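I opened my notebook and started looking things up. Here is what I wrote down as I went.

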Amino acid sequence: MHYRLFFVLTVFFSGYIYSQNSRANLLLDSIKLYKNYSKDKVRYTNQQRRFFAERARKLSIDLGIDSVIVYANRRLSTVYWEIGYFDLYKNLNKENQYRAEKIRDSSSLARAYFKLGNYFMYHKFESDSAYHYYYNAEKIYKALGNKFNLAETLHEIASIQKDEKDFTGSELTSVEAISLLNQLEQTRDVKLYKSYLYNNLGLVFDQLEQYEESISYHIKGLSLKQSLKAQAKSVFQESYNITIDKSTNNLALAYKNSGKYLLALEYYNRILENENLINERPEFYALVLNNYAHSLYLTKQLQELPDLYLKALQICDSLGGKVAEYNSIIINQHLAEYYNDKSDKQLAKHYGYRAKDISEEYHNDDLLKSLLLLSKIEEGDIAVKHLKDYIKLNDSLQKNERQIRNKFARIRFETKQIEQENARIAKERMWLLIISVVLVISFFLLYLVITQRNRNKELKFIQKQQETNEEIYNLMLSQNESIEEARTLEKRRISEELHDGVLGRLFGTRLSLDSLNMNNTPDAIRTRGQYIDELKIIEQDIRKVSHELNTDFVSGSGFIDIIKTFLETQTLTYELNYKLEHDDSIHWDDVSNKSKIHIYRIIQETLHNIHKHANATLVNISFKLKNNVICLKMTDDGSGFDVSKAKSGIGLKNMNSRINDIKGSLDIISKKDVGTTVTIEAPIA
């Protein structure tokens, strides 16, 4: 019955575990499927992809595994970013930051930091917050040795440094990232990020007015992107057009800024040849159209102006949004510049002030350009005022840029300080732990050595004491044997005297009386008969005594004699009376010498304690045999003591040690003004 029940339970739990595992596997498969669906931009709309990603997240929460939830959140946050749900994007990555820290997943934590950096960089335009998150991601990727993600993060940091006018820092960061990518297999993603970094270096050197270097890096980046497009399948080639157009625009800008206007116009024309650009990317189209128009302006080709400027401005105004509004600042500046050259002050002021009003919201270099432009357009005090505002803002921006650069440097410095401090604390803790462990081990070993030494001393002392006890007991036995031998000799001598002397004489007398028994008078016969009978009785009594004297002493009575001798001597010294009772059934010859020595010493110590502490006048000592166990009881009529409060002195410790050595037991009962009873039980074997 029990086996059947066990079998049923085993089958049930095995089925339960199997069903749970099967459910988990099904959930994992479903999560993976929904995540793949959410990546497919060709077959599904943005809202459908959002549904798939949210479904994967819900299933991962049902599964309850943090690592699975983290990856589902990462996919959903990417979808949110792509369709413009930026606050949901931030919240998911904040959650991922918490979950990754909880499960100590460094890679996921770094990715959460990176995505939060993107949020503040490209949505909130808060460079210091973005830098903070990117830098945290950088540290983790360095620790993990993840070169690709580290290079990706360094690219974002380099972009921030470029925007904040830290051109040297941006250059160094970009070169470091390119060096990391050169160490990797030159895959599509690696080459693509190298092209991004070359583009950033081109922009940095353009700002530094080192145009040849700028053009060189832009050409490198553009060439990489074009080669990647050529190598890609036809379905994916279109996706490279956006990044290629951006690099082409930056290269054209470098040519324009370097004064090579015809080359700039050539590259701008390449972009504008795409007739669908205005519909596909109207913001970018307006940006390129404005740059193209400005290049025409610089070459004095004014036939299409200001129509191209106005067309670009109209597109920006119709689109709205921060990017389009920001691009409109430059177009308004170009229009103001154009109309000022045409001496149309009214339109020049209109577009100049419009550029100034929009740029005030951003408070950047474009506001400076607007103020400088207005100082040229206006006259008198107004022009002076704009020039003063320009100088003041320029100083403020330079100071702010220095503060931001210093802040970035301080973030790195403070982080390194914290890392160094943590490393120092960790090192100190490690050494403290090592020293503590060494000290503990040393003290433990010292304790073992001291304990072992004391134990050895104690064992040597016990061994010496035992040898001494054995020697004393052997001497006592030898002395007792000598006494017994003397007694035996004396008994034998008396026996011989009785047998050979007295009996011989009595036998002679009896014979004499027999010979005199010839007198046959009744009285004589009766008298002689009486004497003869009496002599026979005497003969028998003497013979009996002779035989008893010649018989060996009771076996084993030697130890009790030793105890008696000791008691007589010791009680006389201590002025005590004693009474000894012993059970003759105890065969002391069967008891080991060690047991007899310990019993003897315990009696000795007990008598000493009675004399020293009890003020007793009488001690009763009894030996009894119960179930092959010797029971020794010693009772005095002394003052007694409180056993629970009594200190355990060396004497009592020795008594306990002795009784334990023979596997016996010791019990002490005492009452004040009544007396004390010490009971010892020791097995014979």
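This is a predicted model: local features need pLDDT of at least 70, side-chain atom pairs count only at pLDDT 80 or more; totals for chains, interfaces and linings use all residues.

**Helix pairs**

I began with two helices, α15 (residues 282–298) and α16 (residues 307–319), whose axes come within 8 Å and cross at roughly 160 degrees.

Next I checked α15 against helix α17 (residues 321–341). The two pack at an angle of about 20 degrees, and their axes are 10 Å apart. The cut-off for roughly parallel is under 35 degrees, so α15 is roughly parallel to α17. The crossing of α15 and α17 is left-handed.

**Salt bridges**

How many salt bridges does a search of the whole structure find? I got 21. I went through a few of them.

One of them joins Glu82 and Lys41, with the closest N and O atoms 3.3 Å apart. I looked up where the partners sit: Glu82 is in helix α3 (residues 66–83), while Lys41 is in the loop between α1 (2–39) and α2 (46–63), so the pair ties together parts that are 41 residues apart in sequence. Is Glu82 buried or partly exposed? Glu82 is partly exposed, because its relative accessibility is 34%. Lys41 has 53%, so Lys41 counts as exposed; the cut-off for that is over 50%.

Then I looked at Asp62 and Lys58, whose side chains meet in a salt bridge at 3.5 Å, N to O. Both are in helix α2, and because they are 4 residues apart, about one helical turn separates them. Asp62 is partly exposed, at 38% relative accessible area. Lys58 is partly exposed too, at 45%.

My next pair was Glu152 and Arg111, whose side chains form a salt bridge of 2.9 Å, N to O. This pair links distant parts of the chain, with Glu152 in helix α7 (residues 147–163) and Arg111 in helix α5 (residues 106–123), 41 residues apart. Are Glu152 and Arg111 buried or exposed? I found both of them buried. I also noted a network: Arg57, Asp66, Glu95, Arg99 and Lys102 are joined by salt bridges that share partners.

**A buried tyrosine**

I picked out Tyr134, which is found in helix α6 (residues 127–144). Its relative accessible area is 0%, so Tyr134 is buried. I then looked up a C-alpha distance: Tyr134 and Gly117 are 17 residues apart along the chain, and their C-alpha atoms are separated by 5.4 Å.

**A nonpolar patch**

Last, I turned to the surface. Which residues form a nonpolar patch there? I listed Met430, Trp431, Ile434, Ile435, Val438, Leu439, Phe443, Leu446 and Ile450. Together they have about 860 Å² of accessible area. Trp431 counts as partly exposed, because its relative accessibility is 45%. Partly exposed runs between the cut-offs for buried, under 20%, and exposed, over 50%.

Conventions
Residues are numbered from 1 along each chain as its sequence is written. Side-chain values use heavy atoms; hydrogens and water are left out. Patches are made of residues with over 30% relative accessible area and no salt bridge: like charges are joined within 9 Å, nonpolar side chains (Val, Leu, Ile, Met, Phe, Trp, Tyr) within 5 Å. Accessible areas come from the Shrake-Rupley method with a 1.4 Å probe; for residues, only the protein chains shown count as cover. A salt bridge is a side-chain nitrogen of Lys or Arg within 4 Å of a carboxyl oxygen of Asp or Glu. Buried means under 20% relative accessible area, exposed over 50%, partly exposed in between (1.4 Å probe, protein chains only). Axes are lines fitted to C-alpha atoms, for helices over the stretch in contact, and angles run from 0 to 180 degrees between N-to-C directions. Angles under 35 degrees count as roughly parallel, over 145 as roughly antiparallel, 65 to 115 as roughly perpendicular and the rest as oblique. A crossing is left-handed if the near helix is turned anticlockwise from the far one by less than a right angle, and right-handed if clockwise.
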